[in-house]
Amino acid sequence: MTGHAANQSASVSQGQDQSCRSMLAALAAQGELLVVDQEIDPVFDLSALLSLTHETCAVQANRIKGYDMPVFGNLLADLDRIAMAMNVPRENIQSALLGSIKTPIAPVVIDNPPVQEKLFEGGVLAHLPVPTFFSQETGPYISAGLMIARDPETGLGNASYARLKILGPNEALIGIAPNHHLAIMARKAADKGETLPFAVVLGAHPIIQLAACLYLGLGDDEMHCAGALFGEPVRMARCRTSDILVPAEAEIVIEGQIHADKTIVEGLVSEYHGMYENYGTGVLATFDCMTTRADAMMQVILPGYHAEHIYLGAVPIAASLKAQLARVILNVGEVAVTASGCGRNNVVVQINRPRPGQARRAMAVCWGAVSIIKNVTIVDADVDPWDLNAVELAKSTRMRAERDILIIKDLPADRSEPQEDGFMVAKVGYDATCRPSDRKEGYDKAAPPAASYERMRALLADAMPEVSF
């Protein structure tokens, strides 16, 4: 994003659509977009609307009380929506994300980007219909902000997500976990007596949003991964007040500075597990200008234990884990980060014909790779790790508790972990893989012959053509 784009100009008309609007149009065509024209209050009511619909449909609210900008949310609320956004079959989501890491495509810089059709200077945050989500939070939050910045020492860029609590027309509290790359870069700038320039992007294409959630190394460029997922370079634009590059076809870009040496008490804030956390202090962010499309819409990701928040984290985390596991376990299959674990805590790893010791090695890799992961289950290749019923069946029929459950005390935990004590927590591993020596009958699933299934599928296709069997 920052210095690695091709040195050329391009026309926004070239290539495929890289805005969120194509996704909204596709959902509308499928009857999965609810358009609300009644006036909605951004204080709690918008949150309630998104919460009631978060597992069923995306929402576009056209009239927000006190503002002239529409809001949309619930975009990536399940695996089928993510597959649609990526234009791949659902079963290919993980392989596509992994391929994007291996075969990156550098972005290009364009002139006259759609995201700079309108310019706002001074009091820029006052133009945005920012929701107040939950009853015990102490202010409105920008929840879908994709943060783009550059390391002040190396010049390498980073994209990630962080929340912004609005404090005034030009100021916000930014909440970043201390170990996240953006926090590290902001502290480096503060140590030099400087602020960290950054940009907040709202309403980028879902592919760009997913790429920004990948767990990459500091300096690895998420926009290169997004380019691989598009199959063409991401079209970028240079910010008005810095040389940071942002997605040219996003809805909104807010340009500002992070003041890591200026702390602010946040109060209670919702977390991925659906409860509140009290993190103490965040740091100050100030904003110089904002650019938008001429008819911009603001994206909202409903925080807490809600579908889009869960899957936007779960799918990229799972792909990143698969990449790390594949380096040491060559027969690893699909990796899932489950909704039951809030899209963060619970991992299921599929291993094809696991050899002795591989299950526990996989557990160790997962815990070492991402501190937020707490529970790891290992299953065989015939178990879909995203199918929780199948995973629970494997735990019930293939696992001996006294032998196959591993509990390790005092492993590092993320600060958002609800049970952490001094940033430590016990973690649990479940080896739910077949052991032929455990059952003389084996593990074959009882079922009619395949030929009978095919004959009956043909019969049902004639009798019930609208249903897939």
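Q: What makes Lys395 count as sitting over the ring of Tyr430?
A: The charged end of Lys395 is 4.0 Å from the ring centre of Tyr430.

A quick note on the model: it's predicted, with local features needing pLDDT of at least 70 and side-chain atom pairs pLDDT 80 or more, while totals for chains, interfaces and linings use all residues. Residues are numbered from 1 along each chain as its sequence is written, and side-chain values use heavy atoms, leaving out hydrogens and water.

Q: Why is the aromatic pair of Phe133 and Phe134 called tilted?
A: Ring centres of Phe, Tyr and Trp (its six-membered ring) must lie within 6.5 Å to pair; planes under 30 degrees apart are stacked, over 60 edge-to-face, and the rest tilted. Phe133 and Phe134 have 5.9 Å centre to centre and 35° between the planes, so they are a tilted pair.

Q: How do you know whether Phe133 is buried or exposed?
A: Its relative accessible area is 3%. Buried means under 20%, exposed over 50%, partly exposed in between (1.4 Å probe, protein chains only), so Phe133 is buried. Phe134, at 17%, counts as buried too.

Q: Why is the pair of Phe198 and Phe287 called tilted?
A: The planes are 45° apart, with 5.7 Å centre to centre, so the pair is neither stacked nor edge-to-face. Phe198 and Phe287 are both buried.

How values were computed
Lys NZ or Arg CZ within 6 Å of the ring centre and 35° of its normal.
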